[in-house]
Amino acid sequence: MIKLIDLHKSFGKQKVLVGIDLQIEEAKTTVIIGRSGGGKSVLLKHIIGLLRPDRGQVLVDGTDIAKLGDRDLNEIRKKFGMLFQEAALFDSMTVGENVAFPLREHTRMKEKEIRETVADRLRSVGLTGVEEKMPSELSGGMRKRVGLARAIAMRPQIVLFDEPTTGLDPVMTEAINRLIIDTQKKFNFTCVVISHDIQSIFEIGDRIAMLYEGKIIEYGTPEELRASRNPVTVQFLSGSIDGPIRIM
Amino acid sequence: MNRVSGALDRLGRAVLENVEEMGKILLLFISVLAWMFRPPLKLRNIFKQMEFVGVKSIFVVVLTGTFTGMVMALQGYHGFRMFSAESLVGGTVALGMTRELGPVLTSLMVTARAGSAMAAELGTMRVTEQIDALYVMAANPVKHLIVPRVIAGVLMAPMLTVVSDFVGILGGYFVGVHILGINSGIFIKNITRLVELNDIYNGLVKAACFGLILSLIGCYKGFNTRGGAEGVGRATTEAVVLASITILISDYFLTAIMF
Ligand SMILES: Nc1ncnc2c1ncn2[C@@H]1O[C@H](COP(=O)(O)OP(=O)(O)OP(=O)(O)O)[C@@H](O)[C@H]1O
Ligand SMILES: [Mg+2]
């Protein structure tokens with residue numbers, strides 16, 4: 001289980017997070033929504049220790065990872081998989097090598113076993129026979145799916161998704177959403193998803209958290225959020241330009 | 001008054017920034033050393049980098065080395081002829097190549113070719129979050145990306161320097177003997193008389209130092225890239241400029257210590 005307590009983060013004078021309190025439930029999908037530049041990616045990077053908070057705690061299964069040294073942090077990170085916004089595939093490696101990377105790094109699997117596991121993970125994201133391709137030869141949607149295959153290669157307990165569907169066509173968006181739901185069910189992992197896409201949010205989220213001006217201002221099930229009377233949430237979900245959210 | 005203090009302020013800040021940067025490069029060097037001796041070594045990555053830094057630089061190194069040796073013979077000939085000492089051309093070409101021009105020119109060419117590529121590659125990996133992806137997968141980027149490049153730089157710069165020395169002297173021989181008509185036997189005899197093994201050896205030590213400098217600075221600039229494609233461009237330029245300057249300055253001090 002992941003628990004964020006009173007998380008603060010500034011870059012220079014810019015305060016990005018000002019007291020985040022959030023509990024992420026196990027084996028559920030939690031979606032974080034909020035405006036562009038609001039600090040969602042920054043929040044996600046705190047969960048996996050890519051950024052360290054100025055103040056506050058990040059508890060992963062009871063350990064405060066904000067205070068861990070590199071070695072202990074790496075042990076914790078092995079519980080995680082992460083899909084980056086632009087997939088972040090290693091472009092000097094083939095697709096197969098990308099997916100195999102965590103396996104080669106952290107297991108003693110034989111080459112044959114690795115090859116089978118890679119094929120299996122790629123199949124579970126709907127790709128076959130792409131192992132020898134380079135990432136630059138793939139479309140955006142395929143790259144994201146390969147990124148997902150790499151993220152789940154080690155069967156992590158927790159998977160983080162940074163805007164898995166932004167910039168994809170509606171069909172591909174739907175396919176990726178299905179993929180997240182299905183793989184979540186199949187492996188029963190804890191998912192944290194950042195998304196702008198209102199339709200996807202309600203489709204995949206068990207819990208939804210709204211980040212606004214550095215705080216979590218709303219948290220609940222999709223139904224609860226739909227029924228919310230908080231003007232910020234109402235404006236965000238309806239996509240209206242009238243309301244408390246300042247455009248500039 | 002105000003302008004003076006403003007200028008001083010800026011100067012002070014620039015000095016501080018440079019000192020800070022040097023400190024950071026030194027820290028990176030220390031962590032490279034620490035990771036270098038922690039198994040398993042990524043042999044495949046190392047060979048890949050050695051091929052990139054070494055094998056693929058041979059052509060430019062041969063080209064620059066040959067012509068440098070040739071032009072040295074030409075210049076030396078005109079100078080020495082005034083004292084009727086044309087026979088010294090071979091020795092001076094060989095001495096100049098092994099001590100100075102071999103290591104320095106080779107390293108500058110490798111900086112332009114491979115040092116810049118290191119900065120651009122790591123910079124691109126930084127801005128496309130590939131380096132973050134390494135961290136997330138509990139893999140250390142210094143071990144995976146920087147150690148192989150630094151090892152390749154330190155090993156390949158001296159090897160390329162050997163090539164450069166050789167073709168430089170060959171170029172000098174060609175111009176001296178075949179074009180300017182110096183006696184072949186005298187040309188060679190003067191080389192062996194003037195050049196000692198120590199000259200070659202010290203030149204190679206220099207080259208190894210330069211290889212370290214160019215790969216470390218290339219990796220440092222790339223690794224700390226900020227701000228998209230523009231940032232990658234900036235990192236690449238800065239890496240080449242800083243590495244070239246550092247090579248030329250440290251060449252003076254290495255020479256002062258060695259010879
Ligand atoms: N490493 C960093 N250094 C300095 N500023 C940063 C850094 N990372 C993020 N920021 C700033 O923090 C703010 C929040 O950025 P973040 O990427 O978290 O936004 P976001 O909510 O993910 O937006 P989007 O939905 O557009 O991806 C931005 O204003 C950004 O400029
Ligand atoms: Mg983001």
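Axes here are lines fitted to C-alpha atoms, for helices over the stretch in contact, and the angle between two of them runs from 0 to 180 degrees between N-to-C directions. Two packed helices can be described by that angle together with the distance between the axes. With that in hand, the predicted model can be looked at piece by piece.

In chain B, helix α1 (residues 2–36) packs on α6(B) at an angle of about 95°, and the two axes lie 10 Å apart. Angles of 65 to 115 degrees count as roughly perpendicular, so α1(B) is roughly perpendicular to α6(B). On the α1(B) side, the residues that meet the partner helix are B:Leu28, B:Ser31, B:Val32, B:Trp35 and B:Met36. Facing them from α6(B) are B:Val142, B:Lys143, B:Ile146, B:Val147, B:Val150 and B:Ile151. Sorted by class, this contact has nine nonpolar residues, one polar and one charged.

Next come the nonpolar cores. The largest one has 75 residues, and those with the most contacts inside it are A:Leu4, A:Ile20, A:Phe80, A:Leu160, B:Val32 and B:Ile146. Helix α6 (residues 141–179) of chain B supplies the largest share of this core, namely nine residues. As for A:Phe80, setting aside its neighbours within four places in sequence, its contacts are A:Ile2, A:Ile47, A:Ile48, A:Val60, A:Pro156, A:Ile158 and A:Leu160.

Back in chain B, B:Ser116 sits in helix α4 (residues 89–127). Is B:Ser116 buried or exposed? Buried means under 20% relative accessible area, and B:Ser116 has 13%, so it counts as buried. Its side chain reaches the backbone oxygen of B:Ala112 at 2.6 Å. Not counting residues up to four places away in sequence, B:Ser116 touches B:Thr111, B:Thr236 and B:Val240.

Over in chain A, A:Lys28 is found in the loop between β2 (14–24) and β3 (29–34). The relative accessible area of A:Lys28 is 26%, so this residue is partly exposed. How far apart are A:Lys28 and A:Cys191 in sequence and in space? In sequence they are 163 residues apart, yet in space, C-alpha to C-alpha, they are 6.1 Å apart. A:Cys191 is also one of the residues that A:Lys28 touches, again not counting residues up to four places away in sequence.

Definitions and conventions
Residues numbered from 1 in each chain as written. Chains lettered and ligands numbered in written order. Predicted model: local features only at pLDDT ≥ 70, side-chain atom pairs only at ≥ 80, totals over all residues. Heavy atoms only, no water. Helix = DSSP H or I, 4+ residues; strand = E, 2+ residues; numbered from the N terminus. Buried < 20%, exposed > 50% of the residue type's maximum accessible area, 1.4 Å probe, protein only. Polar contact = N/O pair within 3.5 Å; in protein donor to acceptor, adjacent residues only side chain to side chain. Contact = heavy atoms within 4.5 Å. Core = buried A, V, L, I, M, F, W, Y, C linked by side-chain atoms within 4.5 Å. Parallel < 35°, antiparallel > 145°, perpendicular 65-115°, else oblique. Nonpolar A, V, L, I, M, F, W, Y, C, P; charged D, E, K, R; others polar.
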